[in-house]
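Student: Could we go through this structure together, one question at a time?
Tutor: Gladly; here it is.

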Amino acid sequence: MLRSTFTAFYRSFTRHPLYALLNLLGLSFGIAVFITLGLFFRFETTYEQWLPKASKIYIVENAWKFAAVRTDPEPWTNGGLLDNIKSDNPQRIGTRLWDHNVTVHMGANSTQEEVLLVDNEFFKVFDLPLLAGSKSAALAAPDNVVMSQPMAEKYFPGEAASALIGKTIRLTDEEGTHDYRISAVLKALPDTTAYKFDFVRLLNRSLIDRTTSWERYGSQRLQTILVFDTPKDAADMNAHFPAFIDRHAANQFGDDKPSHVLKTMVVPLTSLHLEDEKTRTAVYVLGIVGILAFLIAAINYINLATARAGMRAKEVAVRKTLGATQGSLRAQFLCEALLTTIMAALIGLSIVELSLPHINSFGDLKLKLDYAGEAVPLVLAGAFILLVGLLAGLYPAFVLSGFKPAQVLASSRTPAGGRMALRLREALVVLQFAIVIAFFIMGAGFLSQLNHMKTADIGFKREGLMISDSTYDPALTNAQREAIWAAFRNLPGVIAVAGANSAPGDNSLTNNTDVSREGHVGRRPSSSFTIVGTDYFKTYGGTVIAGRMLDPTRGEDIYIRWVNGEQQDPPRGETANVMINRTASETLGFKSPQEAVGEVLDFDDYKVRVAGVIEDMRFRSPKEKVAPMLYLMDRTPYRHSITGVRYAGVPEPVMRQRMETAWKAIAPQVPFKAVSGVENIDKYYKPDRNRSNVFSIGAGIAALIGCIGLYGMAAFNTSRRAREIGLRKVLGASSGKVVGLLVGQFLRPVLLANLIAWPLAWYALTQWLSQFDDAVALDPLIFVAATLVAMTIALLTVGGLALASASTEPGKALRHE
Amino acid sequence: MTDTLIDLQKITRLYRSDDVETTALHNISLTIKRGEFVAIMGPSGCGKSTLLNVLGTIDRPTSGAYLFANEDGKSHDLARMSEKNLAKHRARHLGFIFQSFNLVDDLTIYENIELGLLYRDGRKGSRRQAIEGAMDKVGIAHRARHFPHQLSGGQQQRAAIARAIVGQPDLILADEPTGNLDTENGAQVMDILKGLNKGGATIIMVTHSQSHADQATRQVDILDGQLVASVAQVL
């Protein structure tokens, strides 16, 4: 019995290769998309879950709740938070993670890496597996350092991890240059983590004492991680936080009660990666695309299998006369569906294996099929695939096994399952094409937004700009900084150089404070401010829209003064000039930028006057609103100084090389790193582009599967109607008329599909676009174009078949049965 | 063996469509004994195929009883049997031969013949022997690995006969088995059927050909769904 099923299955491949190929390929590609996007979905949703006791690890977040400025919760806190928590509850386990640049000295070479300064309970929070060393001793001494496996392999290639324990490594960071003793080597971490733990060492009291605003609540200095045994413990802590903040941050926010302007909470560390609702939605949408692609393939199977049912009617009838029961026939057809699905799953898996490297590079992903490590989810996915395959086989099995042998054997007509089945098949084609068209529209919508972001005016020119935060390195002296700026200015091709606290990219230092119009009370908007060098606007290219640019030759335009190496605000009673951006002018309530010019603002306890207003510069994510900004000028912005270089007429690598050469001549001991403006801002655009690329692959293949299905349906319907076509031609129909008839039959479902696709795609796109601060308007042309593309594909798919069938001689067609 | 195999009692078969009622068979009573070779004759549309379908249990009479005697002598009314048991009945007791052969295109001749054993219980070991025996009987053993479309009409029909007899059924039902064949091949098929009958097989054959009907042991004529005469022939 089983062997007979296998024989029938095998023969359906060798004897009807087109049908089998369409069916199998469609299903295989559907499964491949499903597996790939499933891997993507799993990758994105399992961040930090690999950590031992991951569910107990929580991170503290802060969100501003000012009247005018509300921010999303961000996982950064002030430095002193953990000490305050521990003083309230000494039992609470936790650690700070404070990220710093570190220079690694190896012989004459020095390279820049990152070091994480942590508390001594680090390993009680992050129970990371070690290659060598012991967790209890790893952070016992302040001159111990823990290294990651990649770092150990980079700096001590070919050496066993255990051989590194006790060796020293020279590092320069915030606390100067010291030799550290390697106390442990961490096992390489999986890709599903935001952390690297390249170098980990103890956070020392001396550094805390030298750091300003350590106790300042709401400042974003470092990450505070806590351990809670149960979600209830964490919830209790969250309920307790307002009172906690009011107690520990008393008087830090002027007249405001701290808990009224600052919301502090703990969230599971595992939830952080997809905390942003929009990102989460994007990931879920991609997961759904995977399921839909598989669904389209399953629909194909149902359609093709039922369409072929007609051709197998005789076989069913004969089997029944030979004593086959309906049950045994159902079992046979379900078995065929199962075998097809298993084959398709294996082919799909091979497609995934073959294409993953390409998909990974195309979408900048790190997906892999980990059969051993991910056995359970893979088995579950396999079970789901088989279940869907069986369900897809169910309908054809019932249709086929229900054929009445007497009727089938009596007539030369092959049954198609009746009017119901025909309707159902048409409905399935409609559904399939609706998904395909919706995918087309969404793809086009994504592209237009991505293209818009690439070309949109973001307030400054991304090209011809180099940014280096190496001037921030504490190992540099102020004299070296000035020498470097001067050297950069003299490089051929350079137009302007400026040090500043902020630059495009995420390494900016911006502070938030209360700014309001003088004499205005009530609404107290907050604003960011940043300290900029004299050529700042020339370097980045801000456009003045009202008033004038700050002029370094005028004393009142300089806000920051340096007295004996100390940075100082202007003396009381003096009103320095500042620039503000358009958003600040609006937030402050000026009717126009012009109205703001010359106005005096209360800036903390100081007064400043608006010299000019510049157009907003989008230094960060296109999803973030541009913050209201005050620009304070400093002739020598030594502190937290990021250097921008505007140049022209020189290729980027050449410029980078010239800068590096100039740097090495002045500060050879400090590593130099520079990124281009395009590169540094691109990280905000990349995730969306990557997701959009993944979407395009998924949607493109889904569309292909849809077309395979349409072709298959068309092929079978056309062959089923061969006699009718012959008859029509005998009665005088022209080939053109017949083609029209056949094509029309398929265009109708495709047209109908638009009715479903348009609102669906519109909804999905509006949702997706709403995450961008600067979103394109939805172009109706996208919808029309997607429909036209789908129609063209349908036409080409069906048209060729129809033409071939229509030009067959009628005599041949009539002999067909 | 002269005991009764089939006893049809007042079999009527009505076909109802939306507003038309057609009587395909009307009050047919007929007994057939084991070892008979019955030819059913009549013009197109007289109901002879319906009668054969009812006999073959792939069509159910609207009223009347269809008693079928098993080896143990017990009779069962097939008109009231469940579909599942009818399927079993067909597998155990019946063999079908069609005008258009109805071999499964995707299966080889051997596999087609094997289908005749597939839905029966057990006997796995002797299957091969039975199939080869059936193929020898109709002379197509050399075509075992071919597909139906590679064979001539006569060869295909012989293969179909092999499939019908491979399970040694109590009754062979043949629906115009020579209708699609030329004279020579038709004669060959008739020779095989006669041989099977001589060997003890009970055969009911629908035919348009008087000369082929003459070779049966008994002729039943049908007109407008009713039995006209039943003539026992002496060969």
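Student: Which residues of H3(B) are buried?
Tutor: A residue counts as buried if 20 or more other C-beta atoms, placed from the backbone, lie within 10 Å of its own C-beta, as exposed if 12 or fewer do, and as partly exposed in between. Helices (H or I, at least four residues) and strands (E, at least two) are DSSP runs, numbered from the N terminus. The buried residues of H3(B) are B:Ile109, B:Glu111, B:Asn112, B:Ile113, B:Glu114, B:Leu115, B:Gly116 and B:Leu117.

Student: How far can I trust this, and how is the numbering done?
Tutor: The model is predicted, so local features need pLDDT of at least 70 and side-chain atom pairs count only at pLDDT 80 or more, while totals for chains, interfaces and linings use all residues. Residues are numbered from 1 along each chain as its sequence is written, and chains are lettered from A and ligands numbered from 1 in the order in which they are written.

Student: How many residues of helix H3 of chain B are buried?
Tutor: This helix spans residues 109-118 and is mostly covered. Of its 10 residues, the buried ones number eight.

Student: What percentage of chain B is buried?
Tutor: Chain B has seven helices and 10 strands. Of its 235 residues, the buried share is 49%.

Student: How many residues of chain B are in contact with chain A?
Tutor: Two residues are in contact if their C-beta atoms, placed from the backbone, lie within 7 Å. On the chain A side there are 23 such residues, and on the chain B side there are 23.
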